[in-house]
Amino acid sequence: MRIATDPMHQFQISKLFDLNIAGLDVSFTTSALWMVVGVLLVIGVLALATANMKTVPDRMQSLGEIWYGFIAGIVKDVNHAPGKPFIPLVFSLFSFIFVANIIGMFPYFFTTTSHIAVTGFMAVFTISLVVVVGLIKKGLGFFKIFVPSGVPVVLLFIVTPIEIISFLSRPISLGMRLFANMLGGHVALKVFAGFVPSLAVALGGLGMLMGGLLVMPLIVGVTALEFLVAFLQAYVFAMLTCVYLNDALGEAH
Amino acid sequence: MEGLNYVGAGLACLAMLGAAIGVGNIFAAYLDGAMRNPSAAPQQFGNLIFGFAVTEALGIFGFAVALILIFAV
């Protein structure tokens with residue numbers, strides 16, 4: 001009963017088999033397993049979609065085209081022409097996060113994006129990429145993003161530190177947002193579901209019936225909301241990646 | 001003074017209040033504008049989500065403070 005109602009138990013990572021390389025613990029875990037499943041799913045669906053391409057697409061090809069076109073549309077809207085080389089990157093990020101989130105919605109499947117080690121790495125990678133691309137494209141002029149033009153010199157002493165802090169907090173907020181949304185959503189689902197056994201323990205069979213009738217519609221609603229959040233967070237991550245890339249690609253402002 | 005970190009973690013939930021007001025304002029303003037000029041609404045959907053995400057981040061910082069208070073103090 002304790003494990004059944006513990007909302008954090010679902011996030012526990014367990015080792016599938018031990019693996020040690022040069023003193024580093026690189027065991028294959030449940031988290032790694034579901035990441036591999038997610039990646040294989042994306043590759044599989046896209047391979048099927050592009051297997052026999054025709055001018056008039058069939059259902060599978062349309063799925064791939066809509067999926068890719070959606071991301072390409074975001075990048076084109078935000079970054080315009082200079083963003084074109086980054087469409088595959090944003091597409092990979094979106095697809096991985098979206099599939100990982102959706103896999104997490106199935107009972108007893110593991111949500112890889114509910115761990116900050118995963119989301120934090122993706123966020124740090126994204127911001128590092130922005131810095132590297134910015135330095136390559138603009139050289140030291142990249143640091144102009146900390147000095148907005150048109151601001152009086154006196155105000156710059158306040159504005160520049162704020163800009164620097166806001167830039168440094170980007171990887172934190174980018175990783176935290178995805179992690180906290182997935183964690184929070186799954187904890188909420190589990191807490192609501194835990195009402196049923198709690199009522200059953202407190203009131204017996206009547207409690208079970210009441211819990212089932214009252215809580216079940218609530219859980220269905222929250223689950224539907226979680227599917228929306230799963231898509232929305234992947235979309236937000238992809239879009240914020242584009243917006244941050246704009247600092248490196250866009251005109252100085 | 002044992003257990004005060006749990007009080008602090010509870011207080012950190014007040015961040016939800018600010019995030020709720022902010023996110024509510026964003027969607028209210030979007031709907032307000034979209035009702036007045038529905039044809040211009042789809043182009044602003046990206047901006048809507050961007051504003052939502054940036055505002056929501058501040059509520060999530062409150063969540064981070066709560067986590068730190070419970071597990072790291």
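Start by selecting helix 3 of chain B (45-71): with ten residues, helix 3 of chain B gives the most to the lining of the largest pocket. The model is a predicted one.

Next, show the rest of that pocket. The largest pocket holds about 890 Å³ of space and is lined by 33 residues. Centre the view on Ala180(A), Met16(B), Gly59(B), Ile60(B) and Phe63(B), which lie nearest the pocket's centre. Elements giving two or more residues to this lining come from both chains: helix 6 and helix 7 of chain A, and helix 1 (4-12), helix 2 (15-36) and helix 3 of chain B. Coloured by class, the lining shows 26 nonpolar, six polar and one charged residues.

Now turn to the contact between the chains, which takes 16 residues from chain A and 14 residues from chain B. Select Met176(A), Arg177(A) and Met239(A), which supply 33% of the area that chain A buries against chain B, more than any other three residues. Chain A and chain B bury about 1,200 Å² between them, 85% of it on carbon and sulfur atoms.

On the chain A side, helix 6 (153-203) gives the most, with nine residues.

Finish at the second largest pocket, with about 720 Å³ of space. Its lining has 24 residues, and Gln10(A), Phe106(A), Pro107(A), Tyr108(A) and Lys190(A) are the closest to its centre. Helix 6 of chain A provides the largest share of this lining, six residues. By class, the lining divides into 13 nonpolar, ten polar and one charged.

Conventions: Residues numbered from 1 in each chain as written. Chains lettered and ligands numbered in written order. Predicted model: local features only at pLDDT ≥ 70, side-chain atom pairs only at ≥ 80, totals over all residues. Heavy atoms only, no water. Contact = heavy atoms within 4.5 Å. Buried area = accessible area lost by both parts, 1.4 Å probe. Helix = DSSP H or I, 4+ residues; strand = E, 2+ residues; numbered from the N terminus. 1 Å grid on protein atoms, 1.4 Å probe; cavity = no way out; pocket = protein on both sides within 12 Å on 5 of 7 lines; lining within 4 Å. Points joined across faces, edges and corners; volume = space filled by probe spheres on them. Nonpolar A, V, L, I, M, F, W, Y, C, P; charged D, E, K, R; others polar.
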